Amino acid sequence: MPFLDPFLEQALGRADARGLRRRLRTAKLRDGGRIVRDGREMIDFSSNDYLGLSRHSLLIERAREWAERYGAGAGASRLVTGTSEAHLAVEAKVAAFKGTEAALIFGSGWQANAAVIPALVAAMPGVKVFTDRLNHASMHHGCAAAGVRQVRYHHSDLNALAAALAKHADAPARLILTESVFSMDGDRSDMVRLSDIAKRHDAVLYVDEAHATGVLGPRGAGLSATVIGGVEVAMGTFSKALGGFGAYVAGSRLLCDYLVNASGGFIYATAPPPAVLGAIDAALDLVPGMDAERAKLTGLADRLRAGLIANGYDVGESSTQIVPAVVGEADDAMALAARLEAAGMLAAAIRPPTVPAGTSRLRLALRATHDEADIDRLIAAIGPKP
Ligand code: PMP
């Protein structure tokens, strides 16, 4: 309609003027850490399919099987007629995997953060919310939806967090929101210290394990599983290392019962479809036994970091399968990504506002299906830092 278009054209024009206009391009994941981009096969250093499970035959078979058994869609929200035995079985499996009393499945990671944070805030009137500056956009969105002003602390500065908590000791409640592995930096939260600080300051600890689930912690259960009882709300996704789609919140039975009653994104959304649940179920069968793949991923990431550092790149505090090569200016990061693409490697350039100004980078995400030759090719193609 003609009334909307002028506004949209103006908004897109502003993005164009700042060099931030985004466009969709087609891609198809392939085995062996490869991807077909716009018809051309490349080595993929950008997808979050860390264990290569998105193409695993067991996930694909079970997705098909459960679609045949239960249908293509869930039919309604969970509270109406959308809860099948498959939902309950998968939730029990997630809880066993995470070592928690219960778990609840959400449509996506974005949806979980956007829907759970407001529900928790509603349960704790007057709560002060403390957030790491580098938390994912979906957590910021959850805070905005909850109408709270975040007390933001510098990335991983737990002294600053403890001081802020002490300053708000008289608030009726405190909620800490953090990631356990940060999506753009590949560094880890110090879970032992975090859970200790939360305990000392009577604060609820909420941890987003999107990039740790399947990769880190005992049997890939994430870093929250390293501090039993220390994380009251562990959220994570099935969309990354678990190769599928959707998200979970794991914690007490009471937490899950409350969210069923109070989380809008759960109550008013159609239940995740059977095929998606089937893939999750199969991934949960495989992931605990994938220690060899996790060890391989660690070795590949060590090799990449060593190569980048030798080439003069800053890789920050990365200690996981996500390795940033910090370039600095956005244009330079874009130029490097374009050069790699020409050389047959997909490595996304990440620019502000996703990362702070002056820290534009390649975000390199490794897969257990890469091999050392892939890593060496990447290091050679990036070359010395100008
Ligand atoms: N949390 C973090 C830390 C993420 O990186 C992402 C995905 N980019 C999400 C949540 C959202 O998860 P999903 O993609 O499953 O919606």
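Biologist: How are H7 and H8 oriented to each other, roughly parallel or roughly antiparallel?

Modeller: This is a predicted model. Helix H7 spans residues 158–167 and helix H8 spans residues 191–200, and their axes lie 10 Å apart. The angle between them is about 10 degrees. Angles under 35 degrees count as roughly parallel, so H7 and H8 are roughly parallel.

Biologist: Now H4 and H11. Are they roughly parallel or roughly antiparallel to each other?

Modeller: Helix H4 covers residues 85–98, and helix H11 covers residues 274–286. Their axes come within 10 Å and cross at roughly 30 degrees. Angles under 35 degrees count as roughly parallel, and therefore H4 and H11 are roughly parallel.

Biologist: Is the crossing of H4 and H11 left-handed or right-handed?

Modeller: Two packed helices are described by the angle between their axes and the distance between the axes. The handedness is a further detail. For H4 passing H11, the crossing is left-handed.

Biologist: Which residues make the contact of H4 with H11, and how do they divide by class?

Modeller: H4 brings Ala86, His87, Val90, Lys93, Val94 and Phe97. H11 brings Pro274, Leu277, Ile280, Asp281 and Leu284. By class, that contact has two charged, one polar and eight nonpolar residues.

Biologist: Is the crossing of H5 and H6 left-handed or right-handed?

Modeller: Helix H5 (residues 109–123) and helix H6 (residues 137–146) have axes 8 Å apart. They pack at an angle of about 35 degrees. H5 passes H6 in a crossing that is right-handed.

Biologist: Which element gives the most to the shell around the ligand?

Modeller: The ligand is surrounded by 13 residues, and the closest are Ser108, Gly109, His136, Ala210 and Ser239. By class, the shell has eight polar, three nonpolar and two charged residues. The element that gives the most, with three residues, is H5.

Biologist: Which element gives the most to the side of domain 1 that touches domain 2?

Modeller: The domain assignment gives domain 1 as 26–51 + 290–382 and domain 2 as 57–288. Contact joins 20 residues of domain 1 to 17 residues of domain 2. On the domain 1 side, helix H12 (291–310) and strand S11 (322–328) are the elements that give two or more residues. The one that gives the most, with three residues, is S11.

Biologist: How far apart do the C-alpha centres of the two domains lie?

Modeller: The side of domain 1 that touches domain 2 has nine nonpolar, seven polar and four charged residues. The distance is taken between the C-alpha centres of domain 1 and domain 2, and its value is 26 Å.

Biologist: Where is the cis peptide bond from Pro352 to Pro353 placed, and what is its omega?

Modeller: Most residues other than glycine have a negative phi, and most peptide bonds are trans. Pro353 sits in the loop between strand S13 (349–350) and strand S14 (360–365). The bond from Pro352 to Pro353 is cis, with omega near 10 degrees.

Key
Residues are numbered from 1 along each chain as its sequence is written. This is a predicted model: local features need pLDDT of at least 70, side-chain atom pairs count only at pLDDT 80 or more; totals for chains, interfaces and linings use all residues. Axes are lines fitted to C-alpha atoms, for helices over the stretch in contact, and angles run from 0 to 180 degrees between N-to-C directions. Helices (H or I, at least four residues) and strands (E, at least two) are DSSP runs, numbered from the N terminus. A crossing is left-handed if the near helix is turned anticlockwise from the far one by less than a right angle, and right-handed if clockwise. A residue is near a molecule or strand if its C-beta atom, placed from the backbone, lies within 6 Å of it. Ala, Val, Leu, Ile, Met, Phe, Trp, Tyr, Cys and Pro count as nonpolar, Asp, Glu, Lys and Arg as charged, and the others, Gly among them, as polar. Angles under 35 degrees count as roughly parallel, over 145 as roughly antiparallel, 65 to 115 as roughly perpendicular and the rest as oblique. Two residues are in contact if their C-beta atoms, placed from the backbone, lie within 7 Å. Domain bounds come from an automatic or database domain assignment.
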